[in-house]
Amino acid sequence: MRYVETTTYSEAYSKIQYQGGSNTYDPQQLIQYADTSQPQCDEPVWIAPTPGNSDKNSYPINLQAAGSCSLYQLTHAFHLKRANTHLAEPGENLSAEDVDPSNEDYILQVVWDNGVPVVVRNEAAPNGNNGRFSTTAEIKALADRSTNDKTVNDAMGNLVNGGEQMGVVANLRPLLVADEATNDVWLPSLNLNYQFTENLIGRFSATKTMARPKFDSTTPGGSIRESAWELRGSGKINNVALLPLESNNLDLSLEWYFNSSSLLSLALFRKDMTNFEETVSEVYLWTDQRDNYDMSGINNLNDVLFVPNQIIDSEGNPVVNNITGLAEWQETPNNSNCMPDRMMHRQLREQLTLGCHALNVDVVRNGKGAVTQGAEFTYTQNFDFLPGLLAGLGTSINYTYADSESDAEVSATTGQVIKPLPQPFTPKHSSNVTVFWEQDGAMIRLANRYNSTQLVNRGLASGASWLESNNRLDLSASYQINKNISVSFQALNLTNDSRRTFYTSTRTVMGVTEDGAPIVFDEGNAMDNEGDTSRTLSEYKTGRQFRIGIRGNF
């Protein structure tokens, strides 16, 4: 019986990385200039911090207050180079025809309900770069400069949003985090050996073992990355409080030592594991910290992240977006302090994104449970009974069959089921075959290692990653010239094997049915030859490698 207590104290930096530059737009700010009952905004006048700088590092001197004016360049389809599509001059009001709801060119219609903007029409803008785009000065003036990592001056010529005074703090916010945790575990064990004959031994063991999580996973560090170009941002949260993996093990083996250097054995095993470490992608929303340059009041990234509430229809089905297939949330920038889903300049040509910005956050956590069971066969023999040079021959063969499955779990944020799949890095079939010859200071060894397809991670945003089956053959040889000098030769990866990971879907939402229920695409278990294995995530190949060495002892 053993007792193990572990205390972890760690410090690490976390960070929030916003989209930098001056081509980022906040749709919540844009729609404040979509009140067509207001006169047109003034033409922007720019101040440049240094001669020759473009307006990317400038700030409009005369930007009018939100809600005090409107821009047809935002609300209507127009063409920058066609004067007949320019609807009004600064200070003028749009005509009744222009703001008629039936006007096809009226692409962004907003009404106000007790001071809250309600978007009733939100369509893509035609005419590309000559339409609703940053090449139009009036649109460029509304860029969100709160996270611009360049030097930006206000109307008085003063540095704003960090600028040179804070370096890149405008778009990169570091945070030093400290945390600690303690856990303990009792580890009983029972081992029995029985010698049936002089050469035949049976072994049985019932043990409880543990394995601590990876060191880097127990740091309190993490990251959030806005990624305005993509549908969702990304992030990672480590876990100081990770518990060690605990495994209740049963092992039974029979070993036959049929001569002094030979073995034939068969072993059966079962491992019932809990608290194994895994990384699962969860969906979070996050609070708006754009103006919090010193991260005041934030102790760790958990103070920024919060769990969204999915909209459920009258039939009890989760509502998903018909275009993106992603979940729709009850939270909006109008009813919560969420970070708005900002857009890049090229995206302004599409529908405005009016919701909260969601993140796919890789959360390091303890898995619920898993069982692995199987059998192992081993054969080792030196053929020293053969005559002459053949007496140096020998072989070692090992084959393992493992059947494993993790418990199904429910996502902490979306409620989706993370389906049971095999344990990571536990192939169903694996083998090692070695043939060697050793005599009179000379040695040659040929070794083959095979692993069938195995799971890497079941917790991706909507699927799982797998490592393709691989087969590797290595050759090594050495010769002892005398007691001081030896030479060696190695030929590695003679099969020119590569390592490729691929993706399969387990919970991708492909759309909705007529009743509004999500259509989930589940390809099953790739280890059972299910699903499309052609979607490569990564692949690398070391190629064949050859090494020659000389070693001297003096």
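In this predicted model, the largest pocket has a volume of about 1000 Å³. Its lining comprises 35 residues, and the closest to the pocket centre are Asn-321, Asp-341, Thr-353, Leu-354 and Gly-355.

**Largest pocket: lining**
- Strand 6, residues 116–122, gives the most to the lining of the largest pocket, with three residues.
- By class, 19 residues of this lining are nonpolar, nine are polar and seven are charged.

**Second largest pocket**
- The volume of the second largest pocket is about 680 Å³.
- Of its 30 lining residues, Lys-214, Glu-277, Glu-278, Pro-424 and Phe-425 are the closest to the centre.
- At least two lining residues come from each of strand 15 (262–274), strand 16 (277–286), strand 19 (358–366) and strand 26 (454–457).
- Strand 16 has the largest share, three residues.
- The lining of the second largest pocket divides into 12 nonpolar, nine polar and nine charged residues.

**Cavity**
- One cavity of 30 Å³ or more is found in a search of the whole structure, and the largest cavity holds about 90 Å³ of space.
- Residues lining the largest cavity include Tyr-33, Cys-41, Asp-42, Asn-62, Cys-69 and Glu-138.
- Eight residues of the cavity lining are nonpolar, two are polar and two are charged.

**Nonpolar surface patch**
- Leu-190, Leu-192, Phe-204, Leu-250, Leu-252 and Leu-268 make up a nonpolar patch on the surface, together with about 530 Å² of accessible area.
- Strand 10 (189–195) and strand 14 (245–259) each supply at least two residues of the patch.
- Leu-250 lies in strand 14 and counts as partly exposed because its relative accessibility is 43%, between the cut-offs of 20% and 50%.

Definitions and conventions
Residues numbered from 1 in each chain as written. Predicted model: local features only at pLDDT ≥ 70, side-chain atom pairs only at ≥ 80, totals over all residues. Heavy atoms only, no water. 1 Å grid on protein atoms, 1.4 Å probe; cavity = no way out; pocket = protein on both sides within 12 Å on 5 of 7 lines; lining within 4 Å. Points joined across faces, edges and corners; volume = space filled by probe spheres on them. Nonpolar A, V, L, I, M, F, W, Y, C, P; charged D, E, K, R; others polar. Patch = residues over 30% accessible without salt bridge, like charges linked within 9 Å, V, L, I, M, F, W, Y side chains within 5 Å. Areas by Shrake-Rupley, 256 points an atom, 1.4 Å probe, with all protein chains shown as cover. Salt bridge = Lys/Arg side-chain N within 4 Å of Asp/Glu carboxyl O. Helix = DSSP H or I, 4+ residues; strand = E, 2+ residues; numbered from the N terminus. Buried < 20%, exposed > 50% of the residue type's maximum accessible area, 1.4 Å probe, protein only.
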